[in-house]
Protein chains: 2
Amino acid sequence: MNISALQQARASYQPKLPHALKGALKVVEGAPTESAADQAEIKKLFPNTYGLPSIHFEPIEGTWPSATVNCGVILSGGQAPGGHNVIAGLFDGLKKLNPQNRLYGFLLGPGGLVDHKYIEITRDMVDEYRNTGGFDIIGSGRTKLETKEQFDKGLEILKKLDIKALVIIGGDDSNTNACVLAEYYQSINAGVQVIGCPKTIDGDLKNSEIETSFGFDTATKVYSEVIGNIERDCNSAKKYWHFIKLMGRSASHVTLECALQTQPNVTLIGEEVEAKNQTLDDIVTYVASVVAERASRGLNYGTVLVPEGLIEFIPAVKRLIANLNDMLAVKKDEFEMIQRSKRLTYIAINLKPENAALFLSLPDEVASQLALDRDPHGNVQVSLIETEQLIADMVAVKLAEWKKEGKYDGKFAIQHHFFGYEGRCAAPSNFDADYCYSLGSTASMLIAAGKTGYMASVKNTTAPADEWIAGGIPITMMLNLEKRSGKMKPVIKKALVELNGAPFKEFEKHRKEWEKETAFIYPGPIQYFGPSEICDRSTKTLQLEHQKKK
Amino acid sequence: MNISALQQARASYQPKLPHALKGALKVVEGAPTESAADQAEIKKLFPNTYGLPSIHFEPIEGTWPSATVNCGVILSGGQAPGGHNVIAGLFDGLKKLNPQNRLYGFLLGPGGLVDHKYIEITRDMVDEYRNTGGFDIIGSGRTKLETKEQFDKGLEILKKLDIKALVIIGGDDSNTNACVLAEYYQSINAGVQVIGCPKTIDGDLKNSEIETSFGFDTATKVYSEVIGNIERDCNSAKKYWHFIKLMGRSASHVTLECALQTQPNVTLIGEEVEAKNQTLDDIVTYVASVVAERASRGLNYGTVLVPEGLIEFIPAVKRLIANLNDMLAVKKDEFEMIQRSKRLTYIAINLKPENAALFLSLPDEVASQLALDRDPHGNVQVSLIETEQLIADMVAVKLAEWKKEGKYDGKFAIQHHFFGYEGRCAAPSNFDADYCYSLGSTASMLIAAGKTGYMASVKNTTAPADEWIAGGIPITMMLNLEKRSGKMKPVIKKALVELNGAPFKEFEKHRKEWEKETAFIYPGPIQYFGPSEICDRSTKTLQLEHQKKK
C-alpha cells in the first residue's frame with residue numbers, strides 16, 4: 001500500500017456542490033461595481049476590466065452552451081488545504097461542459113507559464129488527488145507575474161496549446177497579478193480569459209463578496225487540534241506555561257480563530273497591539289500579570305497564543321527595525337570593521353536613544369538576531385525571530401523582578417511551540433473539500449460564461465452546501481492603491497482582524513474569564529465520517545461574521 | 001458550550017470489551033512463573049508474590065461472586081491517552097460486581113496516597129471523562145512510592161477508607177513500585193491488594209505477556225498525522241529538509257512506529273546507533289549522504305525523524321557526558337572562578353583528548369548547553385539538547401565541506417520540529433479507548449479474584465476486541481536486577497527496540513527505498529466514526545509483531 005487507509009477512503013468522497021452548479025445554469029448580473037478605494041486611478045489603470053458587475057449563477061432547466069475551451073491552471077504561493085479539489089472541480093466542470101475540453105497545469109507556480117513548463121491534467125491524475133492535501137499535483141511557486149515580458153512569454157504557450165482561459169489559484173498578491181494579466185490580455189485582444197481563486201490559510205483575503213479564503217478552515221482545525229491536546233496536557237501536568245506561535249503572516253486571523261476554538265488563557269492579537277499603540281513591555285507586562293494572577297491561586301500553568309506577525313505590529317519595534325535598517329545601510333562599511341563581540345554595543349550607541357533603550361531591553365539572542373542575521377539586502381529578518389520564545393523569556397525576567405519585589409510568588413516553567421507546516425498541507429476538511437470543489441466548478445462556469453478578470457466566489461457558506469451561492473466578482477472591485485517599494489500600486493486590500501468585527505468582539509467578551517479560569521476546549525482531530533455537526537461545521541470566524549449579518 | 005462537538009459525541013461511545021469481560025467469568029491459572037532474570041535474588045526479595053501463575057479469564061454461565069470491595073486508583077507519571085478510560089472501566093467493573101463498591105482517586109499521583117489527598121470518584125465524574133484524553137480527572141504526579149514510611153502512611157488512609165485494593169496506572173518504574181508495595185502489604189497482612197496497569201506513550205513497557213502499553217497507539221497516530229502533513233508540505237514546496245524530533249524517552253519505539261506509518265527519507269534509531277557503535281560524525285555523515293544523493297537528482301527536500309533519546313545512545317557522546325560530569329564535579333570550585341567567556345576553553349583542555357575532540361566538533365550552542373546548563377546535581381541536562389537541530393546544523397557544516405570539495409551541489413534549507421505534548425493528552429483512538437477500558441475492567445476482575453502483585457493484561461489485540469484475552473500476570477515475572485544510583489535493584493526490564501524484531505526488520509527492508517524515493521505516506525487524523533479498517537486499526541508495530549508470532 002502506498003497510500004494510507006484514510007486517503008483510500010477519502011478518494012471516493014464526492015464533494016457537495018451548490019444547487020446551481022449541479023445542472024444547467026444562467027448568469028445573473030448585478031449592478032456595475034467600483035473599486036475598494038481610489039476609484040478614479042484604478043479605473044484608469046484597468047479600462048477594460050473596471051466596473052464590471054458581480055454575477056451569480058441560478059439553476060435553469062435544459063442544457064448549458066458548450067463550446068470547446070482549453071484551460072490552464074496555476075497554483076501560486078504557499079500551500080493551502082483544498083488546492084487539489086479546486087483543480088478537480090475545474091476539471092470536472094470543464095469536462096461536463098464538453099468532454100473535448102482539456103486542462104493544462106503549469107508546473108511549480110507562475111514560473112511554469114513563463115518557462116513553458118506544463119502537463120496535461122488527465123482524469124487519472126485528478127482521481128488520484130481528489131480530497132487530498134498539498135499542492136504536489138503540479139507544484140506551486142512564488143514567481144510574481146508582473147511584467148509585460150512575462151505576460152507575452154506566457155501568451156506564446158497559451159496560444160500554442162490553444163488555451164482560452166487561465167485559472168490562477170493564489171492569495172492577494174497572486175490575484176492582484178491575475179487582475180493585471182486579465183486587463184493586459186483583454187487590452188491586446190489576446191483571447192485569453194483570466195480567473196482567480198481565493199487561496200490562503202492566513203484568512204486575510206476576504207471582503208463583502210469573498211467570505212473566506214480556502215485552507216483557513218482546515219489549517220485552523222489542525223492547529224486547534226494540537227493546541228487543544230497541549231491544553232489538556234497543560235491542565236493535567238499543571239506545571240508548564242505553553243507559548244504557541246501560529247502561522248498566518250501579518251494578520252492574526254488564524255490565532256483569533258484558534259483562540260475561539262480552544263479558549264487559551266492569553267491570546268495576543270497583532271492588530272490590537274497596533275491599535276492600542278502597545279510596547280513590547282506592555283505586552284510582556286500583560287502576560288506576566290495573567291501568569292502572576294493565576295499563580296496567586298496556585299495555578300502555575302497556562303497557554304498563550306502568539307501570532308507569527310506580532311512583532312511587526314508593535315509600533316516601537318517597527319521604529320527600532322526601521323532605525324536599524326537605515327543606520328546600518330549608512331554605516332555598513334564601518335560596521336563591518338567592528339569586531340563581532342563589540343557589534344551589539346556599536347549598534348546601541350548609534351541608534352536613536354528611544355530605540356537603543358528598547359534594543360538593550362531585548363534578550364541577547366533576539367538582539368543578535370536583529371543586529372547580525374540580515375538578509376541579502378541588509379534588512380532585519382523579522383520572520384526568523386522566535387517571537388513566542390522572546391515573549392516567554394521576557395515574561396520570565398519580569399516575573400523574576402516581581403518576585404524580588406514580593407509581588408509574585410510562583411513557578412514559571414516554559415514550553416514553546418510553533419505550528420505552521422503542520423496545517424498548510426493537511427487533507428482538506430469537508431468544508432474545504434466542498435468549498436474548493438465548488439470554487440473550481442464555479443471557475444469553469446465563469447469561463448463558459450466568457451468572463452475575465454473575475455474571482456470565483458461562493459457565498460452563504462454557513463448554510464448547507466446545497467444553498468451556497470456561486471458566482472464571480474470583478475477583481476478590480478477589491479483593489480486600492482498602496483505604496484510598494486516606493487511606488488503606488490494597485491493591490492487587493494489585505495483583510496486584517498477588525499477590532500469591531502464579531503470574531504474579535506466575541507473573544508474580547510470572554511477574554512477576562514479565559515485568563516482566570518481554565519476554560520480550555522479540546523476540539524480534537526478533523527472528522528470526515530461522523531455526524532454533520534462535527535464533520536461539516538465551518539470556522540467560528542465565519543459563523544460569527546454571518547450571525548452578525550443576520 | 002464548554003466542551004467541543006466531538007467531545008460531546010465521543011462521550012456516548014461505548015468501548016468494546018473482550019468477550020470474557022462481558023458477563024460472568026472464571027479464572028484460569030497457568031503454570032507458576034519465573035522472573036525475567038536473576039530468579040534467585042528476585043525470589044528472595046519477593047517471597048510472597050514470586051512465582052505466581054499467569055491467569056486469564058474465561059466466560060461462564062451464571063453470576064460472579066461479589067463481595068463489597070472499595071478500591072483506590074492512582075495515575076502515575078507522564079500523561080498517556082486513555083487513562084480516563086482505565087478509570088471508567090475500573091469504575092464500571094466495580095459497580096457491576098457490587099453497586100455498593102466505591103472507587104477513590106488519589107490526587108496528583110502517588111503523592112496523594114502518602115499525603116492523604118483523595119476524592120471519591122462518582123458516576124457523574126466518570127461520565128464526564130469517558131473517552132477523553134488527559135489525566136485531569138484526578139491529576140498525575142512523579143512522586144516515587146519506594147519507602148516503608150510511604151507505604152505505611154498510605155496504609156493509614158487505605159484503612160480509614162476501607163480500601164481493599166489499589167490500582168496503580170503507570171510506566172515501568174511505577175509498576176515496579178506497585179510490585180514492591182504489593183509484596184510489602186502482603187508481608188504484613190495489610191489486606192490490601194495492589195494491581196498495576198501498563199501505561200506509557202513511549203511503548204517501552206511490553207513483553208511476552210503485555211503486548212503494548214496504552215497511549216502508544218494514540219500518541220503515534222497524532223505524531224504520524226502531523227509528520228504526514230509536514231511531508232506533504234515538504235513534497236509540495238520542495239525546498240526544505242524537515243528535521244523532526246519525537247518524544248519517547250530512551251527507547252525509539254515511537255520514532256520507529258511513526259516511520260512505518262509515514263515513510264520519511266531518514267529515520268534514526270537510537271538502539272541501532274548503539275549496537276553499531278556509531279559516532280555523532282557517523283550519523284551526520286549518513287544523513288548528509290542521503291541529502292547529497294537526493295540533491296544529485298534535483299531533490300533538495302526531505303524528512304528526517306530523530307528520537308528524543310538519540311544522543312544518549314551514541315557511545316562517544318555518552319563517554320563525553322560522563323567525562324564532563326566527573327571532571328566538573330572534581331573541579332567545581334575552580335570552574336566557578338573562570339570567566340564565562342573562557343569556560344568552554346577551560347572544559348576542552350580538561351577533558352580526555354578523545355572527548356575534547358568531540359566537544360570541540362559540536363556547534364557552539366550545544367557545547368554551551370552541555371557545559372553551562374547543568375541541573376541542581378551538577379549534571380548535564382541531556383533532555384534540553386535540541387538533538388534535531390544539532391544533527392541538522394552539523395549536516396549543514398558537512399555539506400558545506402563537501403561543496404568545497406565538489407562532492408555536493410545542492411541547497412540545504414532546514415525546518416525543525418519537536419512533537420511530544422501534542423500527543424500525550426490526545427483523546428484516545430478507538431484502540432486505546434477500548435484497550436484502556438478493558439484494562440480497567442480487567443483490573444476490577446483481578447481484584448474480585450483476590451489477586452495482588454498482578455498487572456492487568458489484555459492480549460490478542462490485533463484481533464477484534466471481542467476476541468481479546470483478558471487476564472493478569474505477576475509483576476515479579478517482568479523483574480530483573482539493574483544498577484540504580486550504584487545499587488542493584490529489582491526493576492521491570494525496559495523494552496528497547498529489538499534490531500531483530502519484526503518492526504525494525506520491516507523498516508530496514510525499506511530503508512534504502514525510502515531514502516531515495518519520496519515514498520511518503522499521509523495517515524491523516526485519527527477517525528472515530530468511519531469504517532473499522534480506519535478507526536480500529538492498531539499500530540504497525542503491533543501488527544508486525546503479531547504477524548511474526550503466527
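These legends go with several close-up views of a predicted model.

**Figure 1. The two chains of the predicted model, side by side.**
Which surface does each copy use? The same surface serves both, as 100% of the contact residues of chain B recur in chain A.

**Figure 2. Helix 7 of chain A, a mostly covered helix.**
This helix runs over residues 172–187 of chain A. You can check its length yourself: at 1.5 Å a residue, its 16 residues should span 22 Å, and the end C-alpha atoms are 23 Å apart, which agrees. How many of its 16 residues are buried? Twelve are. Among them are Asp172(A), Ser174(A), Leu181(A), Tyr184(A) and Tyr185(A). After helix 7 of chain A comes Asn189(A), with a positive phi near 50°.

**Figure 3. Helix 18 of chain B and the residue that takes a positive phi just after it.**
Here the same check works again. Helix 18 of chain B covers residues 387–404, and at 1.5 Å a residue its 18 residues should span 26 Å. The end C-alpha atoms of helix 18 are 26 Å apart, so the two values agree. Its buried residues include Leu390(B), Ile391(B), Met394(B), Val395(B), Lys398(B) and Trp402(B). While you look along the helix, keep a simple rule in mind: an α-helix has 3.6 residues a turn, so residues three or four places apart point the same way. Just after helix 18 of chain B, Gly406(B) has a positive phi of about 75°.

**Figure 4. The second largest pocket, with about 730 Å³ of space.**
Helix 9 (253–262), helix 21 (502–516) and helix 23 (540–549) of chain B are the elements that give two or more residues to the lining. Which helix gives the most to the lining? Helix 23 of chain B does, with six residues. By class, the lining of this pocket holds 14 nonpolar, six polar and ten charged residues.

**Figure 5. The largest cavity, with about 170 Å³ of space.**
Rolling a probe the size of a water molecule over the atoms shows where empty space is left. In the whole structure, a search finds eight cavities of 30 Å³ or more. The largest cavity is lined by 20 residues, and those closest to its centre are Gly133(A), Ala426(A), Ala427(A), Tyr522(B) and Gly524(B). Helix 1 (5–10) of chain A and helix 8 (216–237) of chain B each give two or more residues to this lining. Helix 8 of chain B supplies the largest share, four residues. The lining divides into nine nonpolar, eight polar and three charged residues.

**Figure 6. The second largest cavity, with about 100 Å³ of space.**
Of its 13 lining residues, Pro525(A), Ile526(A), Gln527(A), Ile534(A) and Arg537(A) are the closest to the centre. The lining has six nonpolar, five polar and two charged residues.

**Figure 7. Thr220(B) in helix 8 of chain B.**
Is Thr220(B) buried or exposed? At 0% relative accessibility, Thr220(B) counts as buried. Leaving out residues up to four places away in sequence, Thr220(B) touches Val254(B), Glu257(B), Cys258(B), Gln261(B) and Thr539(B).

**Figure 8. Gly30(B) in strand 1 of chain B.**
Strand 1 of chain B spans residues 25–32. With 41% relative accessibility, Gly30(B) counts as partly exposed. Gly30(B) and Pro53(B) are 23 residues apart in sequence, yet their C-alpha atoms are 5.2 Å apart in space. Setting aside neighbours within four places in sequence, Gly30(B) is in contact with Pro53(B) and Ser54(B).

**Figure 9. Two loop residues, Lys238(A) and Gln263(B).**
Lys238(A) has a positive phi of about 55° although it is not a glycine. Lys238(A) sits in the loop between helix 8 (216–237) and strand 8 (241–246) of chain A, and at 32% relative accessibility it counts as partly exposed. Gln263(B) is not a glycine either, but has a positive phi of about 50°. Gln263(B) lies in the loop between helix 9 and strand 9 (266–267) of chain B, and at 13% relative accessibility it counts as buried.

Note on methods
Residues are numbered from 1 along each chain as its sequence is written. Chains are lettered from A and ligands numbered from 1 in the order in which they are written. This is a predicted model: local features need pLDDT of at least 70, side-chain atom pairs count only at pLDDT 80 or more; totals for chains, interfaces and linings use all residues. Side-chain values use heavy atoms; hydrogens and water are left out. The expected span of a helix is 1.5 Å times one less than its number of residues. Buried means under 20% relative accessible area, exposed over 50%, partly exposed in between (1.4 Å probe, protein chains only). On a 1 Å grid over the protein atoms alone, a cavity is a set of points where a 1.4 Å probe fits but cannot get out, and a pocket is an open set with protein on both sides within 12 Å along at least five of seven lines; lining residues have an atom within 4 Å of a point. Grid points are joined across faces, edges and corners, and a volume is the space filled by probe spheres set on the points. Ala, Val, Leu, Ile, Met, Phe, Trp, Tyr, Cys and Pro count as nonpolar, Asp, Glu, Lys and Arg as charged, and the others, Gly among them, as polar. Contact means heavy atoms within 4.5 Å.
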